[in-house]
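Good morning, everyone. Please look at the chain on the screen while I talk.

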Amino acid sequence: MYVTRDGVNLFYQATGTGARDLFLLPQCQPAAYSRQWKSQVPYLSRYFRVVTMDMRGSGRSDRTSSGYDLDTRYEDFLAVLEAWIRPAFALVALSCAAMVAFRYAVEHPDRLSHLILLSGQYAESVPQPFDEKVAPVIRDQFDAWRQRLFARCLPEPHSLKGMEDGYAWAGETTPDVLVESLRAIDGSNVYDLLSRLTVPTLGLHGTLDKIVPYSHAEKMVAAIPGARLITFEGAGHILHGRHAVKVNHLIRDFVGGKDVASARIPAPTERKVAEPVPAR
């Protein structure tokens, strides 16, 4: 399904027939799109009507030359909400999409029941000098850049499938779109909004996140009244891909009204293969 805003087609989909709505909002950077929720949608749609979208620049939405700033991202999000969502709904915001979610939570607290920050962030900055050193690498070494990006996103052992998925999804957009999207939100900071949040909030973050450091998450959650933080020891940025079962259960329980307290989830232990017993 599509909603059109200012001539731009934005794809969204709804799955499930639950009485309550749950919106899975992808990150602002169009390196991946709603397909990344493949481990969440089938499970969570047993309990909720699950809605997600492809942000402009990725997936089945239009790839425009501009419009990747936070204000435009916010208006795109509102257009999809107006088309399909039923308040009060729960919102899961991934990575830099948290900056969009914070604005919505402050401006429309009555329309939101729960907020889940998945590897969330309140500020964005890109390496400098961006146009001289970073942008040319993305444009001229796009394949290698994508490989490095998802290797950083997934530091956990046995993450090859996740890296392959991310590499393929990022290849569905263009280097120019990625460069513009990074440039458009560079320097964004919505920290001042955090103390104004009133919606129940849960942060999920990995201690080995190389995209949004764990210390950033600690500061973010501490600034939100009553927020809780679930710490994934030894985990990277893409929690919903590598730790899908735990993430799904936490979303289900939190939105379903169960008491989810701050906690630390130990890193999985490597299973040792038994050594063969020597023949006698």
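First, the ground rules. This is a predicted model: local features need pLDDT of at least 70, side-chain atom pairs count only at pLDDT 80 or more, and totals for chains, interfaces and linings use all residues. Residues are numbered from 1 along each chain as its sequence is written, and side-chain values use heavy atoms, with hydrogens and water left out.

Let's start inside. In soluble globular proteins, nonpolar side chains tend to be buried together. A nonpolar core here is a set of buried Ala, Val, Leu, Ile, Met, Phe, Trp, Tyr and Cys residues joined through side-chain atoms within 4.5 Å. Buried means under 20% relative accessible area, exposed over 50%, and partly exposed in between, with a 1.4 Å probe and protein chains only.

The largest nonpolar core has 49 residues. F23, L25, F77, L91 and F102 have the most contacts inside it. Which elements give two or more residues to this core? They are β2 (8-15), β3 (21-25), β4 (49-53), α2 (70-84), β5 (89-94), α3 (98-107), β6 (112-118) and α8 (214-223). Those names come from DSSP runs, numbered from the N terminus: helices are H or I with at least four residues, strands are E with at least two. Helix α3 gives the largest share of this core, eight residues. Apart from this core lies another, of 26 residues, with L22, L44, V50 and V92 among them.

Now zoom in on F23. Not counting residues up to four places away in sequence, F23 touches V51, T52, M53, F77, V80, L81, I85, F89, A90, L91 and V92. Contact means heavy atoms within 4.5 Å.

Next, V100, in helix α3. Is V100 buried or exposed? Buried, with a relative accessible area of 2%. Leaving out residues up to four places away in sequence, V100 touches L25, C28, L70, R73, Y74 and F77. E180 is 80 residues from V100 along the chain, and their C-alpha atoms are separated by 18 Å.

Take V134, in helix α4. V134 is buried too, with a relative accessible area of 19%. Beyond residues up to four places away in sequence, V134 touches P127 and P129.

On to the strands. Strand β7 (residues 201-206) and β8 pair in the parallel sense over five bridges. Two strands pair if DSSP finds at least two bridges between them. The bridge partner of G206 is F232, in β8. Four of the five residues of β8 (residues 228-232) are buried, so this strand is largely enclosed by the rest of the structure.

Last, the pockets. A pocket is found on a 1 Å grid over the protein atoms alone: an open set of points where a 1.4 Å probe fits, with protein on both sides within 12 Å along at least five of seven lines. Lining residues have an atom within 4 Å of a point.

The largest pocket has a volume of about 1100 Å³. Volume is the space filled by probe spheres set on the points, and grid points are joined across faces, edges and corners. Of its 46 lining residues, L149, R152, C153, I211 and H237 are the closest to the centre. Helix α5 gives the most to this lining, with six residues.

The second largest pocket has a volume of about 340 Å³. It is lined by 18 residues, and E156, P157, R242, H243 and P268 lie nearest its centre. Thank you.
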